[in-house]
Amino acid sequence: MFNQTIVREGIRYGVLCGIACFALVALIYFLGYNPFGELGRLTYLPIPVFIFLGIRNYKKYNDSELSFGKGIRLGLAVSFYTALCAAMLVFIFIFLVGPEIIQQHVAEMKALLEETREEQIKLLGQQMYEEGFKALDSVSPSMLAADDFVRRIFAGGIFSLVAAVFFRK
């Protein structure tokens with residue numbers, strides 16, 4: 001059940017991918033944009049690349065008859081370590097940069113909510129809309145890092161499924 005080679009490959013490619021994702025976050029911030037807004041989706045581009053590279057490397061050097069189960073476990077290991085590494089680095093980055101990055105993100109999210117006010121109220125209701133609007137004032141670095149972790153692991157899970165089907169025997 002526990003395969004040490006899968007864990008080693010997951011750590012190797014996951015940490016490299018996490019560093020690449022964080023480098024994109026830092027680049028977007030230093031270019032003057034909000035790395036947690038719309039442009040922040042670019043930081044997810046390394047995830048499928050590293051998942052495919054990790055599974056391909058495992059199949060090439062360890063197990064040429066890679067099963068779907070091993071492929072999905074390896075892809076999920078890569079996505080877990082990617083999400084963990086990137087979230088920790090984002091958390092540290094927010095503390096080093098200061099509160100202005102959070103304030104910029106909150107201001108952008110409030111503007112987006114105001115633009116789509118009618119659609120949001122139809123979809124969620126007036127009470128949920130106002131609760132969500134008020135919750136934006138309490139955004140913290142740990143909340144942004146946890147959100148980043150969940151989004152990356154979810155995206156990695158989807159790409160892991162695709163890669164496992166592609167590389168299965």
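These legends go with a set of close-up views of one predicted model. Local features need pLDDT of at least 70 and side-chain atom pairs count only at pLDDT 80 or more, while totals for chains, interfaces and linings use all residues. Residues are numbered from 1 along each chain as its sequence is written, and side-chain values use heavy atoms, with hydrogens and water left out.

View 1. H1 covers residues 4–30, 27 residues in total; helices here are DSSP runs (H or I, at least four residues), numbered from the N terminus. From first C-alpha to last, H1 reaches 39 Å, close to the 39 Å expected at 1.5 Å a residue (the expected span is 1.5 Å times one less than the number of residues). Just after H1 sits Gly-32, with a positive phi of about 100 degrees.

View 2. Glu-9 and Arg-12 join side chains at 2.9 Å, N to O; a salt bridge needs a side-chain nitrogen of Lys or Arg within 4 Å of a carboxyl oxygen of Asp or Glu. Both residues are in H1, three residues apart, or about one turn of the helix. An α-helix has 3.6 residues a turn, so residues three or four places apart point the same way. Glu-9 is buried at 6% relative accessible area, whereas Arg-12 is partly exposed at 42% (buried is under 20%, exposed over 50%, partly exposed in between, with a 1.4 Å probe and protein chains only).

**View 3. A nonpolar patch on the surface.** Leu-27, Leu-31, Tyr-33, Leu-39, Leu-42 and Leu-45 make up this patch, and together they have about 590 Å² of accessible area. To join a patch like this, a residue needs over 30% relative accessible area and no salt bridge, and nonpolar side chains (Val, Leu, Ile, Met, Phe, Trp, Tyr) are joined within 5 Å. The areas come from the Shrake-Rupley method with a 1.4 Å probe, and for residues only the protein chains shown count as cover. Leu-45 is in the loop between H1 and helix H2 (46–61), and its 55% relative accessibility makes it exposed.

**View 4. Phe-52 and its two ring partners.** The whole structure has 10 aromatic pairs, meaning rings of Phe, Tyr and Trp (its six-membered ring) with centres within 6.5 Å; planes under 30 degrees apart are stacked, over 60 edge-to-face and the rest tilted. Phe-52 and Phe-166 are edge-to-face, since their centres are 6.1 Å apart and their planes are at 65 degrees. Phe-52 belongs to H2 and Phe-166 to helix H7 (residues 141–167), so this pair ties together parts 114 residues apart in sequence. Phe-52 is partly exposed at 26% and Phe-166 is exposed at 59%. Phe-52 also pairs with Phe-167, this time tilted: 6.0 Å centre to centre, with 55 degrees between the planes. Phe-167 is in H7 as well, so here the parts tied together are 115 residues apart. At 11% relative accessibility, Phe-167 is buried.

View 5. Asp-137 and Lys-110 meet at 2.5 Å, N to O. Asp-137 is in the loop between helix H6 (126–135) and H7, while Lys-110 is in helix H4 (residues 100–115), 27 residues away in the chain. Asp-137 is exposed at 54%, and Lys-110 is partly exposed at 22%.

View 6. Arg-151 and Asp-147 pair up at 2.9 Å, N to O. Both lie in H7, four residues apart, about one turn of the helix. Arg-151 is partly exposed at 48%, as is Asp-147 at 34%.

Methods. Helix = DSSP H or I, 4+ residues; strand = E, 2+ residues; numbered from the N terminus. Patch = residues over 30% accessible without salt bridge, like charges linked within 9 Å, V, L, I, M, F, W, Y side chains within 5 Å.
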